[in-house]
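Thanks for coming. Please have the sequence and the model open as I speak.

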Amino acid sequence: MPAAGQTLITVATTGAETSKSDVPALPTTLEELVETAVRCEAAGAAVIHVHVRDHEHAPTLDLARLRDTVDALRSETSMVVQLSTGGSVHDPLENRLRVLQAAPDSCSLTMGTLNFGDDVFSNPWPFIVDLYRRSQEAEVVPEFELFDLGQGASLHRLLAAEGLPYGGTVHCDLVMGVPGGMPGTADTLVAAVRALPEQVTSWSATGIGRAALPVALAALSCGGHLRVGMEDTLTLARGVPVAHNVELVERAGALATLAQRPPMSAADARVLLNTR
Ligand code: KMH
Ligand code: ZN
């Protein structure tokens, strides 16, 4: 079993929102993604949250690319491979359901619709239930993404109606600071953690942009785990761009170590999340 005093670090390397032309350091090719994964695992990341890009660096849910990505990450790292089912705000729901066919270890599963900057990130209830049932059938461990307090209430409803996920553990990630979602403050984090269903066995938190550090520090103080990466944060400080995802993982690892909860290995993350 992973020691209780260890921190799961997830790296969300790429996302779907930032363009390669704006941020050339964003890993968008398979080679860049694998290089990033190897360095981030060595720096303490145990889970990789993956969005795939096409040959023009645009977000895609192409199944062959997803499969190739899962295969490459499995062969070059030991990390838990988590595919995004959120995709981009423009992806049709049916394409997002198909992500499970790429057989990742884990998938993200967002617990409600929200304004997402100037866009809408659509997650209607029937889609959530459909995706959840498919994750149970496909034996893929979901990570429940909660962008606001109401989505925590929806998780209560889902677990009560549909039972536990594949593997029997329940892991959530609080995504804080999206314009349209809950703010990235310590007060909000404490309220969100208090409102989690009793079935939750572990949780992490993510602060978008400027919320990255306050959320990481609050999460560590409350016994939570961390998600960091260029999907969520493109600067280390005002005017200091992130040159490589590993910088964010190293910073998270240093904070966790300072808090006397050093990063856990990928093997321990597999036990914590009960992935295959
Ligand atoms: N790209 C956002 C619309 C997830 O990966 O599941 C959704 C997102 C969440 O990134
Ligand atoms: Zn994502």
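Some terms before the spaces themselves. Helices (H or I, at least four residues) and strands (E, at least two) are DSSP runs, numbered from the N terminus. On a 1 Å grid over the protein atoms alone, a cavity is a set of points where a 1.4 Å probe fits but cannot get out, and a pocket is an open set with protein on both sides within 12 Å along at least five of seven lines; lining residues have an atom within 4 Å of a point. Grid points are joined across faces, edges and corners, and a volume is the space filled by probe spheres set on the points.

This is a predicted model: local features need pLDDT of at least 70, side-chain atom pairs count only at pLDDT 80 or more, and totals for chains, interfaces and linings use all residues. Residues are numbered from 1 along each chain as its sequence is written, chains are lettered from A and ligands numbered from 1 in the order in which they are written, and side-chain values use heavy atoms, with hydrogens and water left out.

Start with the largest pocket, at about 700 Å³. It has 38 lining residues, and Glu17, Phe116, Ile208, Glu231 and Asp232 are the closest to its centre. Two or more lining residues come from each of strand 6 (106-110), strand 8 (119-121), helix 7 (212-221) and strand 13 (235-237). Which of them gives the most? Strand 13 does, with three residues. Sorted by class, this lining has 14 nonpolar, 14 polar and 10 charged residues. Here Ala, Val, Leu, Ile, Met, Phe, Trp, Tyr, Cys and Pro count as nonpolar, Asp, Glu, Lys and Arg as charged, and the others, Gly among them, as polar.

In the side chain of Glu17, an N or O atom is 2.7 Å from a nitrogen atom of the ligand. An oxygen atom of ligand 1 is 2.7 Å from an N or O atom in the side chain of Ser84.

The structure holds four cavities of 30 Å³ or more. The largest cavity contains about 130 Å³ of space. Of its 17 lining residues, Ala212, Ala216, Arg227, Val228 and Arg251 lie nearest the centre. The lining has 10 nonpolar, four polar and three charged residues.

The second largest cavity has a volume of about 70 Å³. Its lining has 14 residues, with His51, Val52, Thr60, Leu61 and Gly87 nearest the centre.

Note on methods: Polar contact = N/O pair within 3.5 Å; in protein donor to acceptor, adjacent residues only side chain to side chain.
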